Amino acid sequence: MESVEMSPLSVSTRFKKRAVHRRTSEESFESGTGVDEVPLMSDAFDESDDDETGVFTQRPRRKRLYKSSSGPIEVICSGIERCLRFVWNKFKRKKALQPRTIRLGRNYPGSFPPNVIKNQKYNVVTFIPLVLFQQFKFFLNLYFLIVAVSQFVPSLRIGYLYTYWAPLGFVLAVTMCREAWDDLKRFMRDKDLNGQVYKKLTQTGLIDVSSAELRLGDLIKIEKNQRIPADLVLLQTTEKNGACFVRTDQLDGETDWKLKVAVPSTQRLGSDRELLSVNAFADVEKPKKDIHSFIGMFTRTDGLDGRKEEEPLGVENVLWASTVLASGNAIGVVIYTGSETRSVMNTSQPETKVGLLDLEINRLTKVLFVATMVLAFVLVSLRGFDGVWYRYFIRFILLFSYIIPLSLRVNLDMGKIVYSWMIARDKDIPGTVVRSSTIPEELGRIVYLLTDKTGTLTQNEMVFKKLHLGTVSYGSESLGELSTMVHQYFPKDNHMASGSGLSRARKTSVVHAYEAVKACALCHNVTPVEPDETAPEGTVAYQASSPDEIALVQWTEKMGLVLVDRDLTSMQLKAPNGDFLSFEILHVFPFTSQRKRMGIILRNKSNGEIVFYMKGADVIMSQIVQYNDWLEEECGNMGREGLRTLVVAKKILTQEQYRDFDAKYAQAKLSMTDRAAQMESVVQTLEQEMELLCITGVEDKLQVNVKPTLELLRNAGVKIWMLTGDKMETAICIASSSKLVSKTQDIYRFQEVSDRREAHLQLNDFRRKSDLALVITGSSLEVCLSHYETEFIDLACQCPCVVCCRCSPTQKAQIVDLLKKYTKKPTCAVGDGGNDVSMIQAANVGIGIVGKEGKQASLAADFSITQFQHIGRLLVWHGRNSYKRSASLSQFVIHRGLIISAMQAVFSTVFYFVSVALYEGFLMVGYATVYTMFPVFSLVLDVDVSAKTAMLYPELYKDLAKSRSLSFKTFFIWILISVYQGGIIMYGALLLFDSEFIHIVAITFTSLILTELLMVALTIRTWHVLMILAELASFGIYVISLVILNEYFGTAIQTFLCAVESTFCLDSKFLKTWAFIWRVVVITAVSCLPLYILKCLRKKCAPPIYSKLQQT
């Protein structure tokens, strides 16, 4: 056997792992058994045991690709939190969930949880401890708490207690007020829901009870448009057939109505009161999260002739809490309450997302802490390690505590609120909702955008485009001929006579076309409903779980077969000649993501013929229909045209076949264990050798401006991955038509692989390609990730575009996690359906689109938009501003603390390393608040380029991904600036005011305030009227305080220099002298003018890109 030449795949250095070399005999490789021994991307195989070739491989220990960013403080807090939760769970002792038997009208007090909705995070006892614990988990807050507590020690006290406790108390007060307000709103919402009044059926009649008073076994009457208060088994409805519709958008996000069916034995009762007299009970499964399945049994022991009557209960017989009754009235028995209802069990607090900027600032904070310790140690060393040197060490740490600004987090949080408000108020992206105000700046550095296809890139508005009958295909232009053929099947004399002038071939074509159209008109779950008042007269409205089905029924209506009526047991079509075709519905097998097909068994009431119709995905139906040579080819052709395909087939059943099936199916439905599997196995006995009727092709239109939006994002340096559950051909067509794949790019189709060897070969083949868009199926992706996770992600990240088709919701979230893990780059996930929620929640930024599939994705996302085209402005404009503003704001707040700490260091050094505060506590508080807060915070209004320029030149967005606005480089530059300015102010004051040294506080503090105001002015790139007002207001407040609060401008210095307890008041006349004014101006100019000159030179010699665009 010839050897297979396999070259090792290259890998980028950031993904490269330690290679594990193994010796392999040349003979084993030549014999073809050693494929796994060939090095793949310089990495050893991580598969244990044997592989498909029979070669045993050893799993090496995988090297960690990243380090945890948690510091010792976070580790300690995390350990404390785990211990508290362990103790809480021990005391709580959660009761194990068990199946139960519920008798009609009998209460079960105390045995089960009360029917109370409780979304509050806190109560009166836990509010303060939990809020404080959450706040002091952060290093910054914990550090300042320790500093503030230290001021209770007399020997360590630097100033007044309010100097440290006032800022910390303000931060905690703002946080606690916000948490209290949010929790109060949750409490009021819960109170409204728990207080809603319902009708309870009792022996004395209907009585009013609140939702919180409901108990298991209660019989509850639900009226139209009323919320279901608990999980109920449906017993009766006002419809004779026992049917009703519910809206489930608040439970699963889907906007379509769901059909529910009452228990037949209770629906037949004459009145509501008879429900209390029957001897019946319901055996139900234990509470669980799955809202799409339910297993139970309803038993009456007083049936006809005293016999025991059992009826299986399924998901169609239950009403879940938090859904809304959309039609008629209904009565149900309560089976689950409170925390055991499906809605509550599926309600979970999503993981709080922490932005990359917050993590970067946290690292810088730790650097500042180290700098504080080093600076304190240096001063103690210069002073000498004699006496109680450790006390001086601690006092120096307290003096320099302003190096780590407590107001940093407050400013950033307030800035995020401003950014969120701006996004929500942007008229160019109407309907945008910010659901998470903690990460708006993450929009500015997105590298990977992962998007769904249907409803996201497309409108999810289905239009019927094509029908293929095997021998002939009917497109948009020839569908009129198909309608003619259907009309010919129903001549005006109501008989299709053989002498009607049609040839035999024509008759065969007419019959074939009619059967295909009739199958499409019958095989569905569509129900005609009353149209809206605004709808034109004569129109028919439809309700269905899928827009595909509505598109098919609307198309059959145009062809001449109109669905006019449907209930639980019958369906009626109107023919072109006015006749009505009536069918009895015997069984319906709904579509599921596992089955990927739906079926229905009907009996024609006119001739008694029983027909089993089925439609589904081609990959499934190809194994069910009779052999043919055109199904796969034509499905591929339609897929390349961008059409969603469904294969339609039928099978005529004899009476004996149906009776045998019905008996087995009924027996399977009575099973309480593995009911779904047993029912599926019975249905599969019919799904054999079915007659292939046709293939339907439905087009899903692209969203408005999808092409320019994708092109804008691609030019912005964002790599776009499309993750869809559709077939490969359709996904490729949409990717090409939407310009996700540009015309200059070739597409590489990753072949289907089922084992390690095939994946190895495909990866080696793909490695030799370059600049190709990758298209891979979910099954092949699963194989590659199970064997070559790192290598596949490395190769995929080098592609300009990746399309994953036939992708499950779990795989979507897995891909997001892998990109975050291996690339360390911010990811953004976009979707519109419930199957996109896991992907949206896994990404750094989740964006949900309010679409036809409901609001589940929108409600779970961080940002909700109405159209895909809004993503461009959301990222390129708002993301850019949020990131750059937060970067400038954080660095300026740090600079504000560093400059005053530099002045303190100079002061202590000059005066023999004394550990005395330079400024009074009141001045320190004022410096961080009223004197400089408004100008510094006004940086949240600064912009470097206009919105028009940002959208016109999306290439500007690429620079943001490099994180240059906030990096260690810019951080150390600001440190140098702070040290320079602090030194100039302090040494300048000592030099110029040697004879008036007693005014040192007023001199240096005035220069400090002016320097800060000028630095804000130098930093601003585009002035706003509020910025000017902030500058003027801050300067005016400071001038007034110089006069009114002059006693604070000298206390500490006077006490230190003169060793007296009397308070020194500033001479207001001194402020009016030219000696004071010109010297303060000189100090301020020397501290700021060189920086302004450097800024002008840099702008002239090496201007940033945005400044060049502004000049043009």
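## Exercises on a predicted model

**Exercise 1.** In this predicted model, which strand does E20 pair with, and how do the two run?

*Solution.* Start with the bridges: E20 and strand E21 (residues 570–574) are joined by 4 of them, and the two strands run antiparallel.

Now place the pair in its sheet. The sheet is open and has 9 strands in the order E17-E16-E26-E25-E24-E23-E22-E21-E20, with antiparallel pairing.

**Exercise 2.** Which strands does helix H16 lie across?

*Solution.* Helix H16 (residues 631–640) lies across strand E16 (458–468), strand E25 (643–653) and strand E26 (691–702). Relative to E26, helix H16 runs at about 10 degrees.

**Exercise 3.** Work out how H13 and H14 pack, and with which residues.

*Solution.* First, the geometry: helix H13 (residues 504–522) and helix H14 (residues 547–559) pack at an angle of about 135 degrees, their axes 8 Å apart. H13 and H14 are therefore oblique to each other, and their crossing is left-handed. Next, the residues: H13 contributes Val 517, Cys 520 and Ala 521, while H14 contributes Trp 555, Thr 556 and Met 559. Finally, sort by class: 5 are nonpolar, 1 is polar and none is charged.

**Exercise 4.** Where is pLDDT below 50 over residues starting from 1?

*Solution.* The chain has a mean pLDDT of 81, with 84% of its residues at 70 or more. Over residues 1–70, however, pLDDT is below 50. Where pLDDT is low, the predicted coordinates should not be read in detail.

Methods:
Residues are numbered from 1 along each chain as its sequence is written. This is a predicted model: local features need pLDDT of at least 70, side-chain atom pairs count only at pLDDT 80 or more; totals for chains, interfaces and linings use all residues. Side-chain values use heavy atoms; hydrogens and water are left out. pLDDT is the predictor's confidence in each residue, from 0 to 100. Contact means heavy atoms within 4.5 Å. Two strands pair if DSSP finds at least two bridges between them. Axes are lines fitted to C-alpha atoms, for helices over the stretch in contact, and angles run from 0 to 180 degrees between N-to-C directions. Angles under 35 degrees count as roughly parallel, over 145 as roughly antiparallel, 65 to 115 as roughly perpendicular and the rest as oblique. A crossing is left-handed if the near helix is turned anticlockwise from the far one by less than a right angle, and right-handed if clockwise. Ala, Val, Leu, Ile, Met, Phe, Trp, Tyr, Cys and Pro count as nonpolar, Asp, Glu, Lys and Arg as charged, and the others, Gly among them, as polar.
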